[in-house]
Amino acid sequence: MSGFSARRGLWWAEQVPLLSVAEFVGTPTYVYSTQGLVERYQALDRALVSCPHLIAYSVKANSNLALLKLMAEQGAGFDIVSLGELARVRKVRADMRRVVFSGVGKTAEELDVALAAKIALFNVESASELVMLDALARRRKMKAPFAIRVNPDVDARTHRHLATGSRETKFGVPVTEAKALYAWSRGMKGLRALGVDGHIGSQMTRVAPLERAVGTLARLYRSLCADGFGLEYLDVGGGWGIDYQQGERVPTMQTFVDAVLKPLRGLATTVVVEPGRWLVGNAGVLLARVQHVKPSGQSAFAIVDAGMNDLLRPALYQAKHAVTAVARRPGRAREYTVVGPICETADVMAKAVRLSGLQQGDVLAIHSAGAYGMSMASNYNSRPRPAEVLVEGGRFRVIRERETVEQLWRGETL
Ligand SMILES: *Cc1c(COP(=O)(O)O)cnc(C)c1O
């Protein structure tokens with residue numbers, strides 16, 4: 001975790017006890033650490049100094065405006081995948097020259113709005129999208145800066161739902177087709193080839209597939225430059241894995257950086273990295289309060305007020321999040337299955353969690369919940385979505401109010 005620690009029997013976010021946040025704001029609540037976020041961003045920025053670079057934070061990991069603003073203030077760019085995300089980065093007055101647009105299903109409206117906003121780069125994923133982009137840009141008498149997202153056909157060795165770099169997935173185009181698209185774009189007035197792009201998956205815990213994929217991108221980049229294309233960006237995507245549980249072994253940041261930079265040696269380019277999870281995942285927790293303790297054979301269920309609608313990762317990816325009590329109680333530890341209130345068997349937050357003296361009303365912290373937590377939250381079971389809190393030093397503020405029951409039917413009619 002970044003910015004969180006256990007001291008004197010309590011869990012803290014910087015200088016704020018998580019118990020105080022739960023008491024003032026209620027539960028379930030996401031809590032983020034400013035320091036955790038900023039330290040990670042700056043460490044990555046420093047690690048990349050040897051090479052011109054753009055850190056384009058992947059907005060879909062966590063799109064709260066306060067966090068986007070924090071990133072923008074640090075100098076981050078953004079990787080967006082929708083009109084909504086474009087609107088969000090505009091709302092925080094991000095520099096559009098540092099925004100790249102990814103995604104396999106961009107609509108004409110999305111492309112056109114992004115053209116008008118003069119973003120840095122369109123990461124194009126199909127011939128059809130490239131044709132559409134050309135037509136829209138010509139209508140605006142513009143040249144759309146684009147990169148083709150290459151599918152390098154490598155196995156990212158991650159959960160099957162998180163792998164995007166193999167041939168069978170919908171993402172990107174094979175290298176040979178990419179070459180044909182670059183060649184075709186030469187004759188098109190609305191297009192300007194400006195980069196090469198790839199992203200092979202998320203929560204990668206090995207770097208060999210990444211290095212191989214970047215090698216493929218670099219070869220294509222060199223051959224296009226040799227053919228006279230004036231490319232500027234080599235976008236290697238995101239997907240860097242984090243540790244979700246204590247003792248879990250994941251590559252260090254420097255290992256990821258080396259895997260990216262090694263194949264690019266000697267190449268004059270701005271390397272674009274699109275980390276989402278790596279920046280925010282370990283800078284956030286989800287607080288939940290125990291509603292009931294229910295014995296079950298040798299074990300017991302701790303039924304909390306956060307469920308799969310608040311944090312989908314365990315149900316969707318079989319993700320294993322560490323869970324701790326925010327205030328330690330004396331007594332012998334026993335094992336609990338921490339579950340939510342949702343009417344689904346998959347609504348398990350964590351298994352085999354060891355807690356001592358657990359009582360109704362205790363507050364638990366579900367760790368490493370900063371990425372793909374709130375951004376994937378839904379209203380399933382008509383549950384208002386959680387509040388979000390940002391800690392800075394000894395202070396905290398609500399950066400998103402808890403949704404109200406009335407807001408659940410906004411836009412509906414009787
Ligand atoms: C989701 C996504 C990312 C970010 O992935 P992380 O695993 O959060 O780093 C980056 N680039 C693209 C194209 C993505 O779809």
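Asp134 is buried in this predicted model, its relative accessible area being 1%, a value that falls under the 20% limit for burial. Its salt-bridge partner is Arg138, with the closest N and O atoms 2.7 Å apart, and Arg138 is partly exposed at a relative accessible area of 42%. Both residues belong to helix α6 (residues 127-139), where a spacing of 4 residues places them about one turn of the helix apart.

A spacing of 4 residues also separates Lys69 and Glu73 in helix α3 (residues 65-74), again about one helical turn, and their side chains meet in a salt bridge at 3.0 Å, N to O. Here Lys69 is partly exposed, with 44% relative accessibility, while Glu73 counts as exposed at 53%. A further salt bridge joins the side chains of Asp95 and Arg97 at 3.1 Å, N to O; Asp95 is partly exposed at 32%, and Arg97 is exposed at 62%. The whole structure holds 14 salt bridges, as found by the search.

Turning to the strands, one finds a closed barrel of 8 strands in the order β5-β6-β7-β8-β9-β10-β11-β12, paired in parallel, with a twist that averages 30° from one strand to the next. Helix α5 (residues 108-116) lies across β7 (99-101), β8 and β9, and runs at about 155° to β8.

Key: Residues numbered from 1 in each chain as written. Predicted model: local features only at pLDDT ≥ 70, side-chain atom pairs only at ≥ 80, totals over all residues. Heavy atoms only, no water. Pairing = 2+ DSSP bridges. Helix = DSSP H or I, 4+ residues; strand = E, 2+ residues; numbered from the N terminus. Axes fitted to C-alpha atoms, helices over the stretch in contact; angles between N-to-C directions. Contact = heavy atoms within 4.5 Å. Salt bridge = Lys/Arg side-chain N within 4 Å of Asp/Glu carboxyl O. Buried < 20%, exposed > 50% of the residue type's maximum accessible area, 1.4 Å probe, protein only.
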